[in-house]
Amino acid sequence: MQIDIGNLLAADALDRADLDDLDGAVESAHQRIDDGRADDEFGYASLNLPATTDPATIESAVEPVADSEAVLTVGIGGSALGAATISQALGPSETDHYVLDNVDPKNVQTTLSTLDFSTTAVNVVSRSGTTAETLANFLVVREAMDDAGVDWTERTVVTTGEEGPLRDLADGHGLPSLTVPTGVPGRFSALSAVGLVPAAIQGHDIEGLVAGGQAGADSLAPSLFECPAYAYGATAYALDQRDYSTNVMMPYAEGLEAFSEWFAQLWAESLGKDGGGQTPVRALGATDQHSQLQLYRAGPKDKLVSLVRVTDGPEQPIPETGIPDLAYLGGKGLGELLDAEFEATEASLAAAECPNVRVEIDRLDAESVGQLLYEMEAACILAGELYDVETFTQPAVEWGKKAARGLLGAGDAEEAEAVASKEQLRIE
C-alpha cells in the first residue's frame, strides 16, 4: 500500500509543522503498539495474525466441502464483512459466495431459494456462539437443508470460540471447525479463519493473503513519513481534530466495494468513543462522482475523502465510433477512463480545498488485498492510540444487543426497559 498525503497540504488542512508534531506522537504510539504486540495483549494481538494464522489448518478444515459450488457465510459484522471483502476483491471463482449477515426475512428467503444445498458449504461464524442474528439464521438454514433432504452436518464448517453453544454443537456432531483467535476482536480478524474460510473453499490464495498481511506488518515503522499505515491513521486523526469529522472511503474498483463496508465498521466501532471519532461514509468511484461528489466539493468543509485505486489492472478497449462528440473515447480503454475519473476527482477536491488522500495498491491479488486489510487495521489502531480511546471495545454495540435479547425474553435487561419507555409522537 502506498499513500500520498500531499493534497492535505494543498488544502491547507495540515502543514509541514503539523506533520512534524504529529510524527512525535506517532513514534510514541508505535512503541505502545509494539509493546502490546510483544505481549500478545487483547486487540494488539490482531497485528500478529500473519504470524499466527496457519493457512494449512484452514485448508484442511474445509477439505470435506472443497467440492462446493457455493459457500454461504452466516455471521454478522466482523464475522462476515472480512470474508465478504476478501472474496469480492479476489474476484469470481467456480464457487460463488453468499452472505447472510442480516435477519431480514425477505432477504433470507430469497438467498436460500437460490441455493442447491447439496452443493453448498455453510460457513457459520460467531466467537461467542450465542450471537442472536447468526444463530437465528443458522437455525433457518439448517431447517431448509433438512427440508431439502440434505444432511447439514456434512456441509457445515464452524468457526467459533473455544467454548459456547456453537462449539458444543460442532463437537457434538463432529463438524469441521476452526477457532476464533484469542485476543482478536471480530472487526480485526479478517486475516484469520474468521475471514479466510470462504476464500479457502473458493480456491483463492489464502497463503498469499497472509503473506500480504506479513508485508504490512514488516512495513510498520515509528514515523508517519516511513509507514503508509501510520500516515493514514495519523492524518485522519489530525483532520478530525480540525473538525473534518467525516471520512469518505471511495475506492475506484468494483472489487473493493465491500472493502468500504468493512472499513466503515472498523473505523466506526473502534474510534467512535467519548463523543469523538470520524463518521465513515461509503462511496464508489466513478459511480458516486455522479451522486455524491457535489456535496463533497461544495458542501460543508467537514470531510476527508480517501481515494483508493488499483494501479495495475486489466484493460477493456473502447471501440472506435463515427460520432464526432465521442471520438475522444475511441482507442482508449475503460481502465484509462477510470484513471482519468480518479485523477479528475482528486484534482476537483484539491481545487476546492477539500482534504483528500490517495491510497494505492498494486493489483487486486491476494498479497495486495492482504496488505491493504492489515495496514488499514494498523492505521485504525494507531488512530485509537492518538485519540486515547479503548479501540478494541464496543460498549454501545453491546447495549443494543442486550436490549434486543431482553425484548425477545432472554432474561431481564434494563436496556430493554429503555426501549419500552420510548416517547411517541405518531403522524398518520
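I took helices (H or I, at least four residues) and strands (E, at least two) as DSSP runs, numbered from the N terminus. Axes are lines fitted to C-alpha atoms, for helices over the stretch in contact, and angles run from 0 to 180 degrees between N-to-C directions. The model is predicted: local features need pLDDT of at least 70, side-chain atom pairs count only at pLDDT 80 or more, and totals for chains, interfaces and linings use all residues. Residues are numbered from 1 along each chain as its sequence is written, and side-chain values use heavy atoms, with hydrogens and water left out.

**Entry 1: helix pair.** I looked up H12 (residues 257–271) against H15 (residues 366–387); their axes come within 10 Å and cross at roughly 20°. The crossing of H12 with H15 is right-handed, meaning that the near helix is turned clockwise from the far one by less than a right angle. For contact I used heavy atoms within 4.5 Å. On H12 the contact residues include Phe259, Trp262, Phe263 and Trp267; on H15 they include Leu372, Met376, Glu377 and Tyr387. I sorted the contact residues into 13 nonpolar, 2 polar and 1 charged (Ala, Val, Leu, Ile, Met, Phe, Trp, Tyr, Cys and Pro count as nonpolar, Asp, Glu, Lys and Arg as charged, and the others, Gly among them, as polar).

**Entry 2: helix H6.** Which residues of H6 (residues 105–113) are buried? They are Val108, Thr111 and Leu112 (buried is under 20% relative accessible area, exposed over 50%, partly exposed in between, with a 1.4 Å probe and protein chains only). These residues cover an arc of only 95° around the axis, so they lie on the same side of H6; the arc is that of the directions from the helix axis to the C-beta atoms. Lys106, Gln109 and Ser113 are exposed on the other side of H6. The buried residues of H6 pack against strand E2 (70–74), strand E3 (96–100) and helix H7 (132–147).

**Entry 3: backbone.** Most residues other than glycine have a negative phi, and most peptide bonds are trans. I noted that Asp40 has a positive phi, near 55°, in the loop between H2 (16–38) and H3 (49–52). Asp40 counts as partly exposed because its relative accessibility is 47%. Asp243 also has a positive phi, about 75°; Asp243 is in the loop between H11 (228–241) and E7 (246–251) and is exposed at 59%. The peptide bond from Gly285 to Ala286 is cis, with omega near 0°, and Ala286 is in the loop between E8 (279–282) and H13 (293–298).
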